Amino acid sequence: MSEEKRLISALRGNAHEIPPLWLMRQAGRYLPEYRELRAKAKSFLDFCYTPAMAAEVTLQPIRRFHFDAAILFSDILVVPDAMGQTVSFESGEGPRLDPIETPESVARLGAFEIGKLTPVFETIDRVKSELPVDVAFIGFCGAPWTVASYMIAGKGTPDQAPARLFAFRHPEAFQQLIDRLVDASVDYLLAQIAAGVEVVQIFDSWAGVLPANEFEAWCARPIARMVARLKEKSPQTPVIAFVRGADAQLPALTRKLHADGYGLDTALDPKWAVAETADNACLQGNLDPLALLAGGGALDREVDSVLDAFKGRPHIFNLGHGILPQTPIENVERLVARVRRG
């Protein structure tokens, strides 16, 4: 175990007195070096597809904080982009896609062109050659439900109602879209693994809007299929499932997915999650990003609370969602020192 990277060791079911640490969106706008580089790119998508830039921002938080993992800098919407859907990012407004409004629009989607994502794999190659030997490398994709919700609405929405309505009105076409996203996402993650990532995370950021039967159909079953195929093709690669809003369905979800790690969002009580999941299940999370933004004694108390909740079991310290852009760097430094007791 001494030779294994700490994050990977935790995902193998080993508890560490000081848990491995990384943060969702750790490469981002809270870092001045990120903002400086971002200003040089023509668009956010160009930023993701320029390997020299994407590799540099992947490495920036590792240089500053020496987290236990780097996560590939990219975006979940490169998958629909590689399926021929027009994708862009409007400043201050988020992603914009040509919305899928009819079953015929699903049928007209192009084949998933993995070659379009060659710049992403070049980014991985650049990063892996520069990562410290003790730092794990995480690749990722969006889960089918979350990606489909953007593809159908053409943008982010508060409740993802356009995708739910589409699924009610056109269940066969929606199932076809989910199936295509399962296939494309698995192929994409396997290509990331072949390029050099050591762990993959599946983000279902919008699972929490789904009632129970839709949660099962559009979240749990597609991710379970993805995990099963990843385990068949690359059994040595740990898989983390981050299903935001899983809430009371978390215990059943862990039994269905057979992932190696489960990300917990801010709303989940970590002590409940520990009590309701198998002892060897690695749980990841779940500090409130607002506590990190607040800093000071409030941050210290919340960090200690998370550490106490997961003591004695496999745990990866992380946030319950992404780091907020206005977070002061000194607060991140304080967090790292508190977790590592430095």
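The buried residues of helix 12 (residues 250–257) are covered by elements including helix 11 (212–233), strand 6 (239–243), strand 7 (261–263) and helix 13 (270–276). This is a predicted model, in which local features need pLDDT of at least 70, side-chain atom pairs count only at pLDDT 80 or more, and totals for chains, interfaces and linings use all residues. Residues are numbered from 1 along each chain as its sequence is written, and side-chain values use heavy atoms, with hydrogens and water left out. Helices (H or I, at least four residues) and strands (E, at least two) are DSSP runs, numbered from the N terminus.

- Leu250, Pro251, Leu253, Thr254 and Leu257 of helix 12 are buried; buried means under 20% relative accessible area, exposed over 50%, and partly exposed in between (1.4 Å probe, protein chains only).
- These residues cover an arc of only 160° around the axis, so they lie on the same side of helix 12; the arc is that of the directions from the helix axis to the C-beta atoms.
- An α-helix has 3.6 residues a turn, so residues three or four places apart point the same way.
- Histidine 258 is in the loop between helix 12 and strand 7, and counts as exposed because its relative accessibility is 57%.

- Most residues other than glycine have a negative phi, and most peptide bonds are trans.
- Histidine 258 is not a glycine, yet has a positive phi of about 60°.
- Aspartate 247 is not a glycine either, and has a positive phi of about 50°.
- Aspartate 247 sits in the loop between strand 6 and helix 12, and is partly exposed because its relative accessible area is 36%.
- Glycine 285 and asparagine 286 are joined by a cis peptide bond, with omega about -25°; asparagine 286 belongs to strand 8 (residues 282–287).

**Helix 8 against helix 9**

- Helix 8 (residues 144–153) packs on helix 9 (residues 161–169) at an angle of about 95°, and their axes are 8 Å apart.
- Axes are lines fitted to C-alpha atoms, for helices over the stretch in contact, and angles run from 0 to 180 degrees between N-to-C directions.
- The two helices are therefore roughly perpendicular; angles under 35 degrees count as roughly parallel, over 145 as roughly antiparallel, 65 to 115 as roughly perpendicular and the rest as oblique.
- Trp145, Ser149, Ile152 and Ala153 in helix 8 meet Pro162, Ala163, Arg164 and Phe166 in helix 9, where contact means heavy atoms within 4.5 Å.

**Cysteines**

- The whole structure has 0 disulfides, a disulfide being a pair of cysteine sulfur atoms within 2.5 Å.
- For cysteine 48, the nearest cysteine sulfur is that of cysteine 141, 15 Å away; cysteine 48 is buried, at 1% relative accessibility.
- For cysteine 141, the nearest cysteine sulfur is that of cysteine 219, 12 Å away; cysteine 141 is buried, with a relative accessible area of 2%.
- Cysteine 219 is in helix 11 and counts as buried at 0% relative accessibility.
- Leaving aside neighbours within four places in sequence, cysteine 219 is in contact with Asp204, Ala207, Leu210, Glu214 and Val243.

**Leucine 109**

- Leucine 109 is in the loop between helix 6 (103–108) and helix 7 (118–128), and is buried at 11% relative accessibility.
- Not counting residues up to four places away in sequence, leucine 109 touches Met83, Gln85, Ile100, Met151, Leu177 and Arg180.
- Leucine 109 and glutamine 85 are 24 residues apart along the chain, and their C-alpha atoms are separated by 6.9 Å.
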